[in-house]
Structure formats: structure tokens, C-alpha cells
Amino acid sequence: MTIWIPTLDPAMPRYRALAEAIRLDIAAGQLKEGERLPPQRRLADALGVTIGTVTRGYAEAERSGLVSARVGSGTYINGATRSAHGSFRSFGHALRASKAYGLAPEQEGALPAASGVIDLTMSLPPPHPARQQGMAAALAAISQSPEALLRSVEYQNEFGDGSHRQLLASWMGELGMPVDPEELMLTQGGQNGITLALSALLAPGDAVVTGALTYPGLIVASAERGLKLLRVPLDKDGMDVEALARLCRQQAPRMVYVMAEQNNPGAAQLSHTRREALVALARQHDFWILEDGVQYLPDEECGTRLYQMAPERTLYVFSTSKLLAGGLRLGVLRAPVEVLTRIGAVLRSHSWMVAPLLMETVCAWLTSGNARQLVEWQMEEMRARQRLARTLLAEWSPAARPSSFDLWLELPEGQRSQAMVASLAERGVHVTSAEPFCVGNEPPPQAIRLCLSAAESREALTHALEIVREQLQAPPALRPMTL
């Protein structure tokens, strides 16, 4: 029997070219319904690619409904009707069957072919076909449930459906964030949760304290609401709470915003001693704590969360966007019950409610039980990417948490962050300087942030990190002299 050997389009990533070749050969009649595709290792040898590329190509074809994988049997061509409507493979099987997405050393993903750019500026969840498959399966489940369809088209109150809040609370508990569903407000992502907290609890002119480097979304939201944003220093143990105490004696803030598990940027984790001191200060000076937990880390890498230490004055922001899919703008704001009505009134005035279809989609995904597998894969993938980055950039002692998306790199003496960002961009690697994260008028540190999660694959990330290493090793450019 002659093995099917496709011609791969050299302008496309190889796994996508393989999926496209399957589609074209089905259309041309060269691959027929029920026909078994070659075993992955055999086709990989014939094409001169890794087995990971073939596995990923087959998965891409299955996501499009062109083929179906049968455990222990192989991958088979679907009929025209089934291909047109797509097939929804078991999400768990998708993860078990494929080791091409970062679970094995032979993982291969092509560098972006169209532009040649590797963009490491945005903190995005690492790519995996299971995200699309999970979305497809969730929508299919909704379409087959009259009750879910009815909930999706009806108006709901601003707090969201009680069953959705219960399910999200259970999932958060499994992830190490135990919450009472009665304390939850569903939001349109983490940024919306921050905005709601600021709008409901603060008035124009009120002071918000944060670290000297902080999430740009907080900076913008504070400015839009006429809030006074104040900074305190950061070090390896996170926010300098002693400096905060001195500030409180001069001007007590109405709120302190903190990313306790990993500051963005910089990756500093707030020590337990400082958590206790922050809670004591909040009670002494009667300010709110806004704890941002959107940049999720597994429970073993976290300390005691502030909302558990001071539930009566802490609001906790969480989102599904970093774990399931960035396009799923569904978040959670945990707050004391007595202020939920105020927060709900603000959400109602902004958007009336979170779209019920969005809630149904996320909850259908969680109900399938496969979200856990995706999170476990993601944590393993990010640990591998962090190890890779620490190895290639070890000379410059980068800062990061073991499973985090981002890496913070202070530049060597003489290197300027703006020049480094520009030089890397010329070579097709986009990173971010410290400037967007700076609070106040203090000069930014000479450092850059790299979002390791955003790279299409470890292969692409390795290529980008090698370019970063070369630029770090290059002598700094001479500055123009002035009179």
C-alpha cells in the first residue's frame, strides 16, 4: 500500500500546511470518506518533520471537522456532512492524544510566517487547539439544551444566575481560591472587575495606592475616574508596607491595589509578614484592599490570599481569560456582601448585566470537567517555558514565578530599555519596556517584560529568546553628544 504523502505549502506553518493539505486532498477526491490517514510517526518520517508536527496537524484537521481520531485505531477521513458541521472530539482525549503542544520535547510550532514577528508584549494564555475545541463543545452542549438556550436569550439581573455563581465558586475552590457564591459578582473580565470596584467604592479625588510599577489597566481606570494614584516602592518581597504605613500617617488612602502573588510587572510576591502588616494597616486606617488575582498561579505557589485574611474589607478580582480563553470575557469580583448592591448598581448602569450566553458558555465548559486538564497542561507548559527562559537568559538573572506568563529582565549597565525595545523590534521580537507600568513621575527602571506565554510554541519562544540574548550581549549604542 502506498502511503499518502502530501505537498506542504512552504509559506504556512507546517502543522497548518498539513491540515490544509488534508482539506485540499479531500476536496480533490484523493482522500475519501472512511480512509485512514498514515500513522503519525510514519508520515513524519516521510515528510522529514517531527511527530509533534503531524500530531498537531491532525488535531487541527479534526478541529475543522475534516477527520476523526479513534483511540487505538487511527485518524479517519470524515464524510462531507460531518466535515461541514465539524466534529466535537472529547476534550480530554484531545489532551491525552497529543503531546505536540508542549508536553513532549519534540513539540514543534512554526514561527509566524506572514510577518516574521514574535510578539511577546501581551500576557496571553499559551496557544492550544483544546481552547477552540472546548469552546466548540460548550456551544454544542448549549445548543442541545432547551433550558440553557432559554437562559441565554433572557434578561437576567445584574448579579448573574445563581447556578452560574455556584459553579464558578466551586471551580475557584478547586483552584485554591475558596469563595462563597453569595459574595460573587459576575463581571465582563478582570478589567471590568477593577473598574466596578473603583466606581462603586471611591469618589473623584480619593487616593488609591499601588506599587511603583503596576498594571496599566489600573492606571487608566483611576485617571478616568479622577482618582489620585499614589505609589509606594517595590522590592523582592513585594509592596513596601512600611512605606505604605508612612504614607498613611500623612494621607490615608481609600483603597490599596495589590497583586499579592506576582506583581505585574516584576513578578515580586508579597511576603506573608507584609500581608499581615497590610491587613493591619487597612483595619487601622479603614481603607479597602483590591486584590488582583487574574494572573493565576497554582495554589502551591501562592501565599494566603488577602481576602481570606481580611474578608470584610478585601475585594478579589479573578477571570477565566487567562485559563480558558482570552476571548471569554467572564470574570468574578468577590466582595463583602454588604457592598455587592452598590457594585451591582454600577454594573447595571454600565451594561445592565453580563451576557447570559457568555455565562452559559463558560459554565458548560466547566461542567464538562475538562477545564482542569487544560489548566494542568497550561501550568506544565509555562513551567517548561520559564525553565527555558531562565536557562537562555541566566546571565542576567531574570525574575519570574515558576508558572507565570511573564518574565522581568533588568538590563545590564549601559543598556537603555527604549533602545533595547527598538532593537529587538527591528529583529522581529516585540517586548515591553517599564514605561507603561510606571506610576507618577519617577523615571522608569531600565528593564523589559517578556510575555513567554504569547509565543506560538516553544520553538518560536526559543528563537525569540536567542535574539534577546544576542542583543543583551551586544555593546550598548553610543549616545549622541550635546553641547
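Helices here are DSSP runs of H or I with at least four residues, strands are E runs of at least two, and both are numbered from the N terminus.

Before I go on, the ground rules. This is a predicted model, with local features needing pLDDT of at least 70 and side-chain atom pairs counting only at pLDDT 80 or more, while totals for chains, interfaces and linings use all residues. Residues are numbered from 1 along each chain as its sequence is written, and side-chain values use heavy atoms, with hydrogens and water left out.

Okay, α14 itself. It runs over residues 337–351, so 15 residues, and goes 21 Å from first C-alpha to last, close to the expected 21 Å at 1.5 Å a residue; that expectation is 1.5 Å times one less than the number of residues. Which residues of α14 are buried? V339, L340, I343, G344, V346 and L347. Buried, by the way, is under 20% relative accessible area, exposed is over 50%, and partly exposed is in between, with a 1.4 Å probe and protein chains only. Contact means heavy atoms within 4.5 Å.

I343 comes up again in the largest nonpolar core, which has 60 residues; W171, L198, L315, F318, L324 and I343 touch the most other members. Helix α9 (residues 190–201) gives the most to this core, with six residues. A nonpolar core here is a set of buried Ala, Val, Leu, Ile, Met, Phe, Trp, Tyr and Cys residues joined through side-chain atoms within 4.5 Å. Leaving aside neighbours within four places in sequence, W171 touches F318, T320, L323, L324, L366, A371 and V375.

There's also a second, separate core of 27 residues, and L120, I448, A460 and L465 are among them. A460 and L465 are buried residues of α18, along with others including L461, I467 and V468. Helix α18 covers residues 458–473, and its end C-alpha atoms are 22 Å apart, in agreement with the 22 Å that its 16 residues should span. The cover over its buried residues includes α16 (371–392), α17 (417–426) and β16 (447–451).

Now over to L18, in helix α1 (residues 14–27). L18 counts as buried, at 1% relative accessibility. L18 and G57 are 39 residues apart in sequence, yet 5.4 Å apart in space, C-alpha to C-alpha. Y58 is one of the residues L18 contacts beyond four places in sequence, and W4, L43 and V54 are among the others. Y58 also touches T75, again leaving out neighbours within four places. T75 is in strand β2 (residues 74–77) and is buried, at 8%.

Zooming out: the protein chain has 18 helices and 16 strands. Its radius of gyration is 25 Å, close to the 23 Å from the globule rule for 483 residues, so it is as compact as a globular protein of that length. That radius is over C-alpha atoms, and the rule is 2.2 Å times the number of residues to the power 0.38. Of those 483 residues, 55% count as buried.
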